[in-house]
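Subject: Structure handover

Hi,

Here is the structure for you to look over. My notes follow below it.

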Amino acid sequence: MSSEEDWSKSDTKCYVKAVKKGLTDEQWDQFLIMQDIKESETTADGGLEDMGAAFSMLPVLMASAAKCGIPLN
């Protein structure tokens, strides 16, 4: 995640801690799966269920980025 986003190590640690604190255990597992897929550049055929899971995490992801001073592009 940090190499692709070009974030500092401290920003990455801050972001991951904030995201983990804000997500449920199930959402955290889904977040990790999404990152694995993103890093390997393959596509998942999860359909609307995966999209819904991603959208439900969006407020936590955005708040975590803001908390850690990571710009939202």
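Helix H2, residues 9–22, is the main contributor, giving four residues. Lys67 is found in helix H4, which spans residues 47–67. Lys67 counts as exposed because its relative accessibility is 61%.

Some ground rules on the source. Residues are numbered from 1 along each chain as its sequence is written. The model is predicted, so local features need pLDDT of at least 70 and side-chain atom pairs count only at pLDDT 80 or more, while totals for chains, interfaces and linings use all residues; side-chain values use heavy atoms, with hydrogens and water left out.

Now the terms behind the patch. Patch residues have over 30% relative accessible area and no salt bridge; like charges are joined within 9 Å, and nonpolar side chains (Val, Leu, Ile, Met, Phe, Trp, Tyr) within 5 Å. A salt bridge puts a side-chain nitrogen of Lys or Arg within 4 Å of a carboxyl oxygen of Asp or Glu. Accessible areas come from the Shrake-Rupley method with a 1.4 Å probe, and for residues only the protein chains shown count as cover. Buried means under 20% relative accessible area, exposed means over 50%, and partly exposed lies in between (1.4 Å probe, protein chains only).

The overall fold comes next. The protein chain has four helices and zero strands. Along the sequence the pattern reads α-α-α-α. Helices here are DSSP runs (H or I, at least four residues), strands likewise (E, at least two), numbered from the N terminus. Of the 73 residues in the protein chain, 22% are buried.

There is a nonpolar patch too. Met51, Phe55, Leu58, Met62 and Leu72 form this one on the surface, and together they have about 500 Å² of accessible area. Met51 sits in helix H4. Its relative accessibility is 44%, so Met51 counts as partly exposed. Met62 also lies in helix H4. Met62 is partly exposed because its relative accessibility is 42%. Met62 and Tyr15 are 47 residues apart in sequence, with 9.8 Å between their C-alpha atoms.

Ala54 is another residue of helix H4. At 26% relative accessibility, Ala54 is partly exposed. Ala54 and Phe31 are 23 residues apart along the chain, and their C-alpha atoms are separated by 7.8 Å.

Back to helix H2, where Cys14 has its place. Cys14 is partly exposed, at 29% relative accessibility. Between the C-alpha atoms of Cys14 and Cys68 there are 5.9 Å, and along the chain the two are 54 residues apart.

Last, Ser8. This residue is in the loop between helix H1 (2–5) and H2. Ser8 has a relative accessible area of 33%, so it is partly exposed. The side chain of Ser8 reaches the backbone nitrogen of Asp11 at 3.1 Å. That is a polar contact (a pair of N or O atoms within 3.5 Å; within protein, one must be able to donate a hydrogen and the other to accept it, and residues adjacent in sequence count only if both atoms are side-chain atoms). Ser8 and Ile70 are 62 residues apart in sequence and 9.6 Å apart in space, C-alpha to C-alpha.

Best wishes
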